[in-house]
Amino acid sequence: ELNEFVLYDYRVDIPFGLATLSIGKQKETVSLSRLSGMIFEPAQQERASVIDGLLTARNVGIVINRSFFNNRMTGAVGIFNNWYEAGRSFSNNPTIFTGRVSALPLISEDESNLLHLGISGRYSNAAAGIRYQARTEIYNGPGSVDTELIEDASSTFLYGLELAWRKGPFILTTEYVQTNVQSSMYNNPSFKGYNVVASYIITGEMRNYNKRSGLFNRVRTANAVSSGGWGTWEVFGRWSAFDLTDNAIMGGEMNTLSTGLNWWPSSAIQTSINYRYSILDRLEKSGSNHGMVMRLALLLE
């Protein structure tokens, strides 16, 4: 039975010069991982807990982005308020301002070796309060860390730092994200987390880098199975940490190690197997869980 139909994205892009104006439901201009399509990431099937826990997946608003200095830098800003989807008045729903800058301080002539740096910020007036929570990094896994609703929050400010080094088929990425909450009741708590990802494409393909957006594109299979090849094979590992405990908030801490294998028979088909092991510390109790997940993804182009 179909109980709900959701449109994840609906937006209009209006190009002008080197810039693009985007209006509608879209991703906020924060975080390399959040802005990337999940299937594009080296360590998908799920994003790191800190990315899902502190950042909204999509929001309704207006974004302007453009590139600078011969595509060596990008900049994007946005303003968001999804009051009509949330069923609240505009003033009773959070208004959010975001910004992101990325740069390529190092890029080889053939672009096979590059270093990406990025910084982003997110301000919210926290109308209706704020709550951060995350599941174990397994699809539909159990809820693991949770601040509960911080009703008296007057604002939040989040910042994120990004670093990615790609050399041919190898890529190393890391992000740090922290949010500071203005709450007199809970003594202005801060919540934070980070993740580190390493990936190697055994068959030699390379994730292309989009210099207009400061993001990595998905893998393009060089020798598809339909053409007599082996497809594309990739191995990866990720460590992530997420801390929702500070001052009077006991939201918990979670650390997760994951490793896996991706296989693309063609550029439009991906199969993956992913093992994750998580350690949780919350409410003066400690525990762990682990799981193995397999997934088949089809891309419609």
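Colleague: I'm new to this one, so which residue stands opposite Glu-162 in S10?

Modeller: Glu-162 stands opposite Glu-175, which belongs to S10; please keep in mind that we are looking at a predicted model.

Colleague: And how many bridges join S9 to S10?

Modeller: There are 13 bridges between S9 and strand S10, the latter covering residues 170-182, and the two run antiparallel. They form a hairpin with two residues between them, and Gly-168 in that turn has a positive phi of about 60 degrees.

Colleague: What about S6, in which sense does that strand pair with S9?

Modeller: Strand S6, residues 113-124, pairs with strand S9, residues 155-167, in the antiparallel sense over twelve bridges. If you want a place to look, His-116 stands opposite Ala-164 in S9.

Colleague: Switching to rings: how many aromatic pairs does the structure hold?

Modeller: The structure holds seven aromatic pairs. One of them is formed by Trp-165 and Phe-170, which are edge-to-face at 5.7 Å centre to centre with 70 degrees between the planes.

Colleague: How are Tyr-209 and Phe-216 arranged as a pair?

Modeller: Tyr-209 and Phe-216 are edge-to-face too, with 5.0 Å centre to centre and 70 degrees between the planes.

Colleague: Are Tyr-209 and Phe-216 buried or exposed?

Modeller: Tyr-209 is buried, and Phe-216 is buried as well.

Colleague: New topic, where is Ile-39 found?

Modeller: Ile-39 is found in the loop between helix H1, residues 32-35, and helix H2, residues 49-54. Ile-39 is buried, with a relative accessible area of 18%, because buried means under 20%.

Colleague: What separates the C-alpha atoms of Ile-39 and Thr-95?

Modeller: Those C-alpha atoms are separated by 29 Å, while the two residues are 56 residues apart along the chain.

Colleague: Last one: which residues make the nonpolar surface patch?

Modeller: The patch, of about 940 Å², is made by residues including Val-12, Ile-14, Phe-16, Ile-62, Val-77, Phe-97, Tyr-123 and Phe-157. Strand S1 (10-16), strand S3 (59-68) and strand S4 (73-80) each supply at least two of the patch residues.

Colleague: Which strand gives the largest share?

Modeller: The largest share comes from S1, with three residues, and S1 is also the place of Val-12.

Key. Residues are numbered from 1 along each chain as its sequence is written. This is a predicted model: local features need pLDDT of at least 70, side-chain atom pairs count only at pLDDT 80 or more; totals for chains, interfaces and linings use all residues. Side-chain values use heavy atoms; hydrogens and water are left out. Rings of Phe, Tyr and Trp (its six-membered ring) pair if their centres lie within 6.5 Å; planes under 30 degrees apart count as stacked, over 60 as edge-to-face and the rest as tilted. Buried means under 20% relative accessible area, exposed over 50%, partly exposed in between (1.4 Å probe, protein chains only). Two strands pair if DSSP finds at least two bridges between them. Helices (H or I, at least four residues) and strands (E, at least two) are DSSP runs, numbered from the N terminus. Patches are made of residues with over 30% relative accessible area and no salt bridge: like charges are joined within 9 Å, nonpolar side chains (Val, Leu, Ile, Met, Phe, Trp, Tyr) within 5 Å. Accessible areas come from the Shrake-Rupley method with a 1.4 Å probe; for residues, only the protein chains shown count as cover. A salt bridge is a side-chain nitrogen of Lys or Arg within 4 Å of a carboxyl oxygen of Asp or Glu.
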